[in-house]
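Please walk through the following model from its overall fold down to its charged side chains.

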Amino acid sequence: MSDANLIKMANQIAKYFATEPDEQAAVLGVRNHIQMFWTPGMRKELVALQAANRGTELHPLAQDAVKGAGW
């Protein structure tokens with residue numbers, strides 16, 4: 001999958017959870033959604049994007065979700 005598509009999908013998930021008033025719950029929501037519905041390869045690519053500083057294109061909730069995920 002292309003980097004742009006992964007970023008777009010992660011951002012869509014983060015925007016959905018951005019309505020959650022508790023930021024920590026929102027981050028966990030993003031992380032859990034990606035864990036449950038994305039393949040291990042997709043998660044690995046997302047972590048690699050974050051590590052390569054492409055993560056700046058991610059919504060802040062998605063950035064936080066990836067940082068603490070440990071995938």
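The paragraphs below take the fold, then the surface, then the charges.

This is a predicted model, in which local features need pLDDT of at least 70 and side-chain atom pairs count only at pLDDT 80 or more, while totals for chains, interfaces and linings use all residues. Residues are numbered from 1 along each chain as its sequence is written, and side-chain values use heavy atoms, with hydrogens and water left out.

The protein chain has four helices and zero strands, where helices (H or I, at least four residues) and strands (E, at least two) are DSSP runs numbered from the N terminus. Along the sequence this gives the pattern α-α-α-α. The radius of gyration of the protein chain is 11 Å, close to the 11 Å that the globule rule gives for 71 residues, so the chain is as compact as a globular protein of that length. That radius is taken over C-alpha atoms, and the rule is 2.2 Å times the number of residues to the power 0.38. The C-alpha atoms fill a box of roughly 30 × 20 × 20 Å along the principal axes.

Contacts (heavy atoms within 4.5 Å) are counted here at a separation of 6 or more, and 67% of those in the protein chain join residues 24 or more positions apart. Of the 71 residues, 37% count as buried; buried means under 20% relative accessible area, exposed over 50%, and partly exposed in between (1.4 Å probe, protein chains only). The accessible surface comes to about 4300 Å², and 55% of this belongs to carbon and sulfur atoms. Accessible areas come from the Shrake-Rupley method with a 1.4 Å probe; for residues, only the protein chains shown count as cover.

The charges come next. The protein chain has 7 positive and 7 negative side chains, with the centres of the two sets 6 Å apart. Lys and Arg count as positive and Asp and Glu as negative, leaving out His and the chain ends; each charge is placed at NZ of Lys, CZ of Arg, CG of Asp or CD of Glu.

How many salt bridges does a search of the whole structure find? It finds one, a salt bridge being a side-chain nitrogen of Lys or Arg within 4 Å of a carboxyl oxygen of Asp or Glu. The side chains of aspartate 64 and lysine 67 form it, at 4.0 Å from N to O. Both residues lie in helix H4 (residues 60-67), three residues apart, about one turn of the helix. Aspartate 64 counts as partly exposed because its relative accessibility is 30%, whereas lysine 67 is exposed at 59%.

Arginine 31, in helix H2 (residues 23-37), is buried yet has no salt bridge, and the nearest side chain of opposite charge, aspartate 64, is 7.6 Å away.
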